[in-house]
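Here are some notes for your review. Please read them with the model open.

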Amino acid sequence: MEAMETSETERLAALIERLGRLIYAQAHAENLLPVHWETLRFLHRANRFSRSPAALAAYLGLTKGTVSQTLNTLINKGLLEKRTHPKDRRSRQLALTARGNQLLEQDPLSQLCSTLHGLDTARRSALVQDLEQVLSGSLIAQGRTPFGQCKECRYFAKTHRAGQPHYCELLGEPLSEFDGLQICQEQQPAA
């Protein structure tokens, strides 16, 4: 019987799945589950408007109950904390502790990052754009929130009349350079 030829698209999907499985297997380091690592990564990359249990649930595509269990585990391990939101006393903001930030320095994704860094800049940039497009399409097809970098949002103003470097026109908040590089649940790609 002749072997069925695999299309390039199927090969690509299989490669992405295999990479995901390798990362998943490494993510049991430090007695954490993969979802714990992804939570720590999210909180490290998310802007101050997106560091809430609800935003985390949307990002991970998990139920609020599952996210609550994940957060409790990480709080009990001393890796993150819940704080009262400064503008809304009923809301909670999540924050990495110093220990959580230190642990991220040993992130199992580091090995993959090193390998990707070995690609030439043009190929790496093209790969980022292509995978962002694939991810965005998949998230939209599933009715999920895409999230994205603040500086690439249609509501991102490069200058602010009050002297801050940047401004969010949706939330009416000043933004720093650092804010512009973080991901946001409200992000909508600029046209």
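1. Strands here are DSSP runs of E with at least two residues, numbered from the N terminus. Strand 6 (residues 173-175) is one such run, and Glu-173 belongs to it. Bear in mind that this is a predicted model.

2. Is Glu-173 buried or exposed? The cut-off for buried is under 20% relative accessible area. Glu-173 has 16% relative accessibility, so it counts as buried. Leaving out residues up to four places away in sequence, Glu-173 touches Arg-48, Phe-49, Lys-87, Tyr-167 and Cys-168.

3. Arg-48, Phe-49 and Lys-87 are among the residues nearest the centre of the second largest pocket, as are His-85 and Gln-93. In total, 13 residues line this pocket. Its volume is about 250 Å³. Sorted by class, the lining has five charged, five polar and three nonpolar residues.

4. Together with Cys-150, Cys-153, Tyr-155, Phe-156, Leu-170, Leu-171, Cys-184, Glu-186 and Gln-187, Cys-168 lines the largest cavity. The volume of this cavity is about 60 Å³. Its lining has eight nonpolar residues, one polar and one charged. How many cavities of 30 Å³ or more does a search of the whole structure find? The search finds one.

5. Next, the strand pair. Strand 1 (residues 80-84) and strand 2 are antiparallel, with five bridges between them. Thr-84 is placed opposite Arg-92 of strand 2. Strand 2 spans residues 92-96 and is mostly covered, with four of its five residues buried.

6. Helix 2 covers residues 34-45, twelve in number. From first C-alpha to last, the helix reaches 17 Å. That is close to the 16 Å expected at 1.5 Å a residue. Which residues of helix 2 are buried? They are Pro-34, His-36, Trp-37, Thr-39, Leu-40, Arg-41, Phe-42 and Leu-43. As background, residues three or four places apart in an α-helix point the same way, because there are 3.6 residues a turn.

7. Lys-64 belongs to helix 4 (residues 64-76). Is Lys-64 buried or exposed? The cut-off for exposed is over 50%. Lys-64 has 67% relative accessibility, so it counts as exposed. Along the chain, Lys-64 and Asp-88 are 24 residues apart. Their C-alpha atoms are separated by 20 Å.

How values were computed. Residues are numbered from 1 along each chain as its sequence is written. This is a predicted model: local features need pLDDT of at least 70, side-chain atom pairs count only at pLDDT 80 or more; totals for chains, interfaces and linings use all residues. Side-chain values use heavy atoms; hydrogens and water are left out. On a 1 Å grid over the protein atoms alone, a cavity is a set of points where a 1.4 Å probe fits but cannot get out, and a pocket is an open set with protein on both sides within 12 Å along at least five of seven lines; lining residues have an atom within 4 Å of a point. Grid points are joined across faces, edges and corners, and a volume is the space filled by probe spheres set on the points. Ala, Val, Leu, Ile, Met, Phe, Trp, Tyr, Cys and Pro count as nonpolar, Asp, Glu, Lys and Arg as charged, and the others, Gly among them, as polar. The expected span of a helix is 1.5 Å times one less than its number of residues. Buried means under 20% relative accessible area, exposed over 50%, partly exposed in between (1.4 Å probe, protein chains only). Two strands pair if DSSP finds at least two bridges between them. Contact means heavy atoms within 4.5 Å.
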